[in-house]
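User: I have a few questions about this one. Can we go through it piece by piece?
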Amino acid sequence: MRGRVDRDTPQVATPHKLHLQHSGSACDVCPVCGGQSVLTGGIAGWGDWRSCEDCTLMFASPIWNGTNQAELFNNAYLGAESVAGMRDFAERLDERDGVLKDPTLWFWTPAYGRAIRWLGEVAGRDGTVLDLGCGPGYVLRALKNLGFTPVGLDVAERAVVVNRRDGFKVWHGTVDDYPDDWPRPDAVVSFFVLHHFDQPLETIRRVRRKWPDARLAIATYGPTNYDPVRTTPPRTLTRWNEKSLRALLTRAGYFAEVVNFPSTGTEDWHLRPVGGIRRRIQLSAAGVRMSKRMENRILPLLVRPLRKPDFVVLGLATSNPRMSMP
Ligand SMILES: [Zn+2]
């Protein structure tokens, strides 16, 4: 992900520039495997969705319009950005105090638990784990509770501030500018951040170049995890599945096991108004917990028919020592 951009750099591409980028063949080449792609649909005000004929990654074309991502995500956390449904970044921070008190509400998919258990097996419980794109900080807390030494990283200043206030060591910036004298991670985790990267392969290669021995657990939305508002740029630049995530990790120089997780049913976008109502009536912290417990525990029993396979894709990756640093 690009972080702070030079102030002299134009922040938003002009329509003319977008047209030039879009008409150029570079926009049609898969950003993971370099394969040819086919047009799969339009994106209002942006361009097209394309699907790679080789690794099956879906990607926006153009993949990025030059907007400063650090500002975009920080504004989202501040409640000042509503494009692609990004107001929910601020809503998650508003709920944070209530949710933090009940660890059973921190994670919406078992992929988190699976990744963290794997880290314990391969890196040991006393290892340092870097959470790439740590957001509200639930992963940092879960890691700390289990005995790991967590370190965070986020391009959004607001996310950095709330976690530092809670005593966590969090770098404000990107993998590129993470200081050499900061803790060196034994493992890197990244949950639901990959779809924001405008250079997914290059970003993961940078992780391996910087920490070649670190294990990597990376979770992202699967092919059935589609939302008509959120699954659009500038929030969502790429759409993943088991094959494309494996292609990414392999090309970045890792051996990877890729695991799919079904949904519980409550994430179905038809049910999103449940969360919206909870936020609108501004429940107390205890009320938020009660409401979320119902959503997480009782609702899944009622909505079992809405469960979808391949809702989350998780890659568990170990550096391939025979592959040179690209
Ligand atoms: Zn591809």
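**Loop, helix and strand**

Analyst: Gly-173 is found in the loop between β6 (169–172) and β7 (187–191). Bear in mind that this is a predicted model.

User: Is Gly-173 buried, exposed or partly exposed?

Analyst: Gly-173 has 16 other C-beta atoms within 10 Å. Buried would take 20 or more and exposed 12 or fewer, so Gly-173 counts as partly exposed.

User: How far is Gly-173 from Glu-157 in space?

Analyst: The C-alpha to C-alpha distance is 8.5 Å, and the two are 16 residues apart in sequence.

User: Now helix α6. Which of the residues in α6 are buried?

Analyst: Helix α6 covers residues 157–165, and Arg-158, Ala-159, Val-160, Val-162 and Asn-163 are buried there.

User: What covers them?

Analyst: The cover includes the helices α2 (69–77), α3 (88–100) and α5 (138–145), along with the strands β5 (149–154) and β6.

User: Which strands does β11 pair with?

Analyst: Strand β8 (residues 215–221) pairs with β11 in the antiparallel sense over six bridges. Strand β10 (residues 254–261) also runs antiparallel to β11, joined by eight bridges.

User: Where do Leu-216 and Val-258 come in?

Analyst: Leu-216 stands opposite Ala-317 in β11, while Val-258 has Gly-315 of β11 as its bridge partner.

Key:
Residues numbered from 1 in each chain as written. Predicted model: local features only at pLDDT ≥ 70, side-chain atom pairs only at ≥ 80, totals over all residues. Pairing = 2+ DSSP bridges. Helix = DSSP H or I, 4+ residues; strand = E, 2+ residues; numbered from the N terminus. Contact = placed C-beta atoms within 7 Å.
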